[in-house]
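User: I am new to this structure. Please show it, and then I will ask how its descriptions were reached.

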Amino acid sequence: HDPTHDKSFSATEKQVLQTNPILEAFGNAMTLRNDNSSRFGKFIILQFDRVSEQNPRPKICGASIQTYLLEKTRVAQVTKSERNYHIFHQLYETILMRQTESPGKTSSSPSLPTGLNINS
């Protein structure tokens with residue numbers, strides 16, 4: 001069930017739900033035990049409109065999201081056989097894809113910090 005196309009959800013509710021994949025890209029990483037391990041926490045405060053006779057089902061009218069990176073050291077150094085946060089790999093893959101799509105450009109890999117463990 002994809003809530004982004006569900007008409008019963010308000011635009012604000014859809015926006016709050018759509019933040020999750022973005023937050024996970026910045027906070028999840030591949031570890032020895034799990035390919036999609038959450039290395040962050042998030043605290044979401046949802047704001048609802050008032051319930052009334054005209055509005056029996058309150059809707060989300062706002063939200064505040066606090067994120068907490070649990071493994072700050074992973075940004076600079078990663079254990080062998082593990083990978084850094086997914087966002088780094090997604091950006092790297094996008095760079096590679098655009099380089100191969102651009103005519104006249106060489107397909108050499110861009111230089112990246114060693115802690116990314118791209119090819120692990």
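Analyst: The chain exposes about 8900 Å², and carbon and sulfur atoms supply 53% of that. Accessible areas come from the Shrake-Rupley method with a 1.4 Å probe, and for residues only the protein chains shown count as cover. This is a predicted model, in which local features need pLDDT of at least 70 and side-chain atom pairs count only at pLDDT 80 or more, while totals for chains, interfaces and linings use all residues. Residues are numbered from 1 along each chain as its sequence is written, and side-chain values use heavy atoms, with hydrogens and water left out.

User: What pattern does the chain follow along the sequence?

Analyst: The pattern is α-β-β-β-β-α-α, with three helices and four strands. Helices (H or I, at least four residues) and strands (E, at least two) are DSSP runs, numbered from the N terminus.

User: Why is glutamate 13 called buried?

Analyst: Buried means under 20% relative accessible area, exposed means over 50%, and partly exposed lies in between (1.4 Å probe, protein chains only). Glutamate 13 has 6% relative accessibility, so it counts as buried. Of the 120 residues of the chain, 25% count as buried.

User: What makes glutamate 13 and arginine 57 a salt bridge?

Analyst: A salt bridge is a side-chain nitrogen of Lys or Arg within 4 Å of a carboxyl oxygen of Asp or Glu. The closest N and O atoms of glutamate 13 and arginine 57 are 3.8 Å apart, and the pair forms a salt bridge. Glutamate 13 lies in helix 1 (residues 11-27) and arginine 57 in the loop between strand 3 and strand 4 (60-69), so the pair ties together parts 44 residues apart in sequence. By this rule the count is one salt bridge.

User: Is arginine 57 buried or partly exposed?

Analyst: Arginine 57 has a relative accessible area of 43%, so it is partly exposed.

User: How do you know that the length of helix 3 agrees with its number of residues?

Analyst: The expected span of a helix is 1.5 Å times one less than its number of residues. For the 16 residues of helix 3 (residues 86-101) that should give 22 Å, and the end C-alpha atoms are 23 Å apart, which agrees.

User: Which residues of helix 3 are buried, and what do they pack against?

Analyst: His86, Ile87, His89 and Tyr92 are buried in helix 3. The buried residues of helix 3 pack against helix 1 and strand 1 (28-29), where contact means heavy atoms within 4.5 Å.
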